[in-house]
Amino acid sequence: SKMPGNVAKANPLEKRIYSTSQVKNKVLRQAIYRKNKILRLKEKKERQQKRKKEREALGDKAPAKAVPHTLENTREPDETIVLPDDDEVLQDEKTDEMAPYFERQTTPKILITAFSRSHLKTNLLIRELTDCIPNSEAKWRRGAYLKKVVMEAIERGYTDIISIEEHRKTPNGLWLIHLPEGPTAYFKLTNFKRGRDIRGHGRVTDHYPEVILNRFSTRLGHSVARMFAALFPQDPQFKGRRVVTFHNQRDYVFFRQHRYIFRNSEKVGLQELGPRFTLKLRMLQKGTFDTKFGEYMWIHNRKKMDTSRRRFHL
């Protein structure tokens, strides 16, 4: 029997504790956190099953599913978002620097370059890009300045230059220069992974790929997307089933390359070919590469532009 006045202490793990800030024991605090997480997932699953049964019971009279709130669908209003029937944008695109490509007056011819002392990962990225982009050629600068390379590339009929920068033996930057009149874009490059390191990867063929440009909704995003599109021939060879995707999500551009695999008459799968990497636009410059006297159309300023998680520029 218990002595009068003695109160048995409750075990914190037996019931849900919503705040662990008052629990000083680290091991106990972590155990409570894991317990709460399991309970939250269990309650969420029960709510989902309950809603599912209600929808099945109501049939056609069931209410529509609630749209989840995400950063994308709650983004801040932007005046530069392009509508499908915007005549002003259509007229501007007919006279911009990429117009000759879209009017089939030029054929893409790409120069992919880096500094002559680039290391293994950078060289692997250049090799993967050369295999991925048709009509591309890799050449190392051998100490030449990029501005001089631009002038020589114009003389030799190249339409674009991709220049890879590296830091601590890892590629960390990408210059995309459209020739002969620009524009020039600089991207921060992260998360590079070559095709061979991707599980279940396939081999790249010589077929011209389809190009998918996803979620480039603003004027700036349209300009960047047109620069990406101008790297590839306009006539994809569907027999090869190759697809190159530039997917913009929260101003991060994810590069992927896949191949369609028809499993049967109804099911289609995707096999990743690689490489994969992520780009973040840092600046867009009018004309070709000129960091000293160039006219900048857009520069990313963290202190002024990254004040809200719901503000996007592409």
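I listed the contacts of Asn248 (heavy atoms within 4.5 Å), leaving out residues up to four places away in sequence: Asn248 touches Asn214, Arg215, Phe216, Val253 and Leu314. The model is predicted, so I note that local features need pLDDT of at least 70, side-chain atom pairs count only at pLDDT 80 or more, and totals for chains, interfaces and linings use all residues. Residues are numbered from 1 along each chain as its sequence is written, and side-chain values use heavy atoms, with hydrogens and water left out.

I then placed Asn248 in strand β7, residues 242-249; strands are DSSP runs of E with at least two residues, and helices are runs of H or I with at least four, numbered from the N terminus. Asn248 counts as buried because its relative accessibility is 5%, where buried means under 20% relative accessible area (1.4 Å probe, protein chains only). I also found a polar atom of the Asn248 side chain 3.3 Å from the backbone nitrogen of Asp251.

For the whole protein I recorded 7 helices and 11 strands. Buried residues account for 36% of the 314 residues. Of the contacts between residues at least 6 apart in sequence, 63% join residues at least 24 apart.

I looked up the overall dimensions last. The radius of gyration, taken over C-alpha atoms, is 27 Å, whereas a compact globule of 314 residues would have a value near 20 Å (the rule is 2.2 Å times the number of residues to the power 0.38). Along the principal axes, the C-alpha atoms fill a box of roughly 100 × 50 × 45 Å.

Technical notes: Buried < 20%, exposed > 50% of the residue type's maximum accessible area, 1.4 Å probe, protein only. Polar contact = N/O pair within 3.5 Å; in protein donor to acceptor, adjacent residues only side chain to side chain.
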